[in-house]
Amino acid sequence: NITFSDIWSDVEKQIKKLVDDGEMSQSNLDGLYFAYKNHCIPLHTRKIIEIKYREMQDLIDNAKNMHSGEPIGVTAKGLIKSVCVKVFNCAIQDYELPIPNNPAINLKCGKKVKSDKHIPFTNEEIAIFWGLQYDDIVKIILILCYTGCRPNEIFTCEKNNIFIEDNYFISGSKTEAGKDRVIPIHPKIKHLMEYFYKVDNDYPFATIKKDFNYGKYKRRFAKLMKELNFEHTPYDGRHTFITKMKDAGANEYLLKLIVGHRIEDVTEKYYTHRKI
């Protein structure tokens with residue numbers, strides 16, 4: 001009689017421990033929890049030994065965005081699959097239920113098509129942002145354009161990792177090369193960094209709105225782009241930074257250090273020590 005939800009409660013404890021131990025990001029945990037809570041509802045009360053592959057595949061194929069009603073993307077489908085895989089692994093390994101093989105392993109989420117929609121902001125668009133910098137969302141966009149951060153790396157940046165006087169902060173996520181990296185504060189955005197730094201909160205950039213996160217930022221960003229008649233995505237600030245650094249002839253390895261890309265060169269990776 002053990003249900004999908006019964007086992008998820010144990011899985012959730014396991015992945016929370018991974019986050020506490022630094023082996024999984026909080027954003028990954030949030031994504032898995034969202035997939036469980038919103039997309040796996042039909043499975044919650046089902047007996048785990050009665051759930052079939054086809055039922056889970058149909059769930060993934062028919063999942064819709066909660067706000068737009070549009071079919072969800074490959075990444076969101078992958079989170080649903082991950083929830084199912086983890087639940088069945090726990091059922092087999094920890095509960096020792098009579099399930100010969102994990103049926104969720106072979107769930108299909110579709111192929112992720114390489115996106116070509118990322119376009120750097122133009123100089124004219126950035127000039128418009130400077131004229132609108134009184135808006136907190138615009139402040140964030142400008143900070144992303146001058147730091148190369150991913151949006152979530154800003155919202156999860158802790159106050160004690162921001163060193164205004166020394167002109168750098170520490171943030172990063174996603175990959176080993178991207179974690180805990182030193183990111184310079186460009187003189188043009190120093191006053192914007194100071195604006196958020198003065199906020200009395202451990203996560204100053206996440207105080208724009210209550211419980212602010214990437215999802216809320218994405219919606220506010222889309223609304224602003226529509227108002228300005230711009231065609232951009234939330235990650236275009238990062239693309240802008242990398243493009244402008246290359247145009248300026250920035251050192252390749254320093255650029256990789258700042259944006260968190262992997263460095264393959266052994267000498268640079270292990271023997272060259274860069275000063276802040």
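Which residues does Phe205 touch, not counting residues up to four places away in sequence? I was working with a predicted model, and in it I found that Phe205 touches Ile140, Ile143, Ile154, Phe155, Cys157, Ile162, Met193, Phe196 and Phe212.

I then turned to the largest nonpolar core, which has 39 residues, and noted that Ile141 and Phe205 touch the most other members. Several helices each supply at least two residues of this core, among them helix 5 (123-131) and helix 11 (252-259), while the largest share, nine residues, comes from helix 6. I also noted a second, separate core of 32 residues, which includes Trp8, Leu29, Ala35 and Ile48.

Next I looked up helix 1 (residues 4-20) and helix 4 (residues 74-93), whose axes lie 9 Å apart and which pack at an angle of about 100°. On the helix 1 side the contact residues include Phe4, Trp8 and Ile15, and on the helix 4 side they include Val83, Lys86 and Ala91. By class, I listed 10 nonpolar, one polar and two charged residues in this contact.

Last, I went through the salt bridges, of which the count is 10. Lys17 pairs with Asp21 at 2.8 Å between the closest N and O atoms; Lys17 is exposed at 52% relative accessibility, whereas Asp21 is partly exposed at 41%. Arg150 and Glu153 form a salt bridge at 2.6 Å, and here I found Arg150 buried at 9% and Glu153 buried at 0%. Shared partners join Arg46, Glu50 and Glu55 into one salt-bridge network.

Terms used:
Residues are numbered from 1 along each chain as its sequence is written. This is a predicted model: local features need pLDDT of at least 70, side-chain atom pairs count only at pLDDT 80 or more; totals for chains, interfaces and linings use all residues. Side-chain values use heavy atoms; hydrogens and water are left out. Axes are lines fitted to C-alpha atoms, for helices over the stretch in contact, and angles run from 0 to 180 degrees between N-to-C directions. Helices (H or I, at least four residues) and strands (E, at least two) are DSSP runs, numbered from the N terminus. Contact means heavy atoms within 4.5 Å. Ala, Val, Leu, Ile, Met, Phe, Trp, Tyr, Cys and Pro count as nonpolar, Asp, Glu, Lys and Arg as charged, and the others, Gly among them, as polar. A nonpolar core is a set of buried Ala, Val, Leu, Ile, Met, Phe, Trp, Tyr and Cys residues joined through side-chain atoms within 4.5 Å. Buried means under 20% relative accessible area, exposed over 50%, partly exposed in between (1.4 Å probe, protein chains only). A salt bridge is a side-chain nitrogen of Lys or Arg within 4 Å of a carboxyl oxygen of Asp or Glu.
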